[in-house]
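Dear colleague,

Please find below the structure I promised to hand over.

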Amino acid sequence: MGSVRKASAWLGLVDDSEMRYYDDDYAEGPEPGDAARDVWVTDPRIRATAETAQDQGTRIATVTPDGFRDARGIGELFREGVPVIVNLTAMESADAKRVIDFAAGLTFGLHGSIERVANRVFLLTPNDYQVVNGGERRTSEGGFFNQS
């Protein structure tokens, strides 16, 4: 019996025997908190896209750790060959320094690279990826707004 129907029966708005008859005829689906109502289940296009990206190795992970304990997740993603963007803006300075030390060791050990892309935001790339910086090309060509 659903939670609304149970509450209705408890309040006396509906007869219990009527509720049991109703439940026999109309089976209820999964509750809103059930894992079966995951977005991946309801939209097969998203599932297919995620599976294709995983098969082709075209995933990029973004991680915003709460503390140093989240460093393991960064390491696991990086070991799988997934580039990781680490956003440390929500962390305290001491923990952020520990995460960066961990990430630097991780990239050194697996022959990858680490690059600062913004204040307290870093990109970890495996050795088979090349980071292309669009700003260097624009500067060498004289810039976009050079109208002389």
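**Leu124 and the core around it**

In this predicted model, Leu124 touches Ile74, Phe78, Pro83, Val84, Val86, Ala103, Thr107, Ser113 and Ile114, leaving out residues up to four places away in sequence. Leu124 also belongs to the largest nonpolar core, which has 16 residues. Those with the most contacts inside this core are Leu124 together with Ile74, Val84, Val86, Leu88 and Val99. At least two core residues come from each of strand S1 (61–63), helix H5 (71–79), strand S2 (84–87), helix H6 (93–109) and strand S4 (121–125). Of these contributions, that of H6 is the most, at five residues.

**Helix H5**

Ala71, Ile74, Gly75 and Phe78 are the buried residues of H5. They line one face of the helix, because their directions, seen down its axis, fall within an arc of 95 degrees. In general, an α-helix has 3.6 residues a turn, so residues three or four places apart point the same way. The cover over the buried residues of H5 includes S1, S2, H6 and S4. Just after the helix, Gly81 takes a positive phi of about 90 degrees.

**Thr125**

Thr125 lies in strand S4. Is this residue, Thr125, buried or exposed? Thr125 is buried, as its relative accessible area is 4%, and the cut-off for buried is under 20%. Its side chain makes a polar contact with the side chain of Ser113, at 2.6 Å. Apart from neighbours within four places in sequence, Thr125 is in contact with Phe78, Pro83, Gly112, Ser113 and Val131.

With kind regards

Conventions:
Residues numbered from 1 in each chain as written. Predicted model: local features only at pLDDT ≥ 70, side-chain atom pairs only at ≥ 80, totals over all residues. Heavy atoms only, no water. Core = buried A, V, L, I, M, F, W, Y, C linked by side-chain atoms within 4.5 Å. Buried < 20%, exposed > 50% of the residue type's maximum accessible area, 1.4 Å probe, protein only. Helix = DSSP H or I, 4+ residues; strand = E, 2+ residues; numbered from the N terminus. Contact = heavy atoms within 4.5 Å. Arc of directions from axis to C-beta. Polar contact = N/O pair within 3.5 Å; in protein donor to acceptor, adjacent residues only side chain to side chain.
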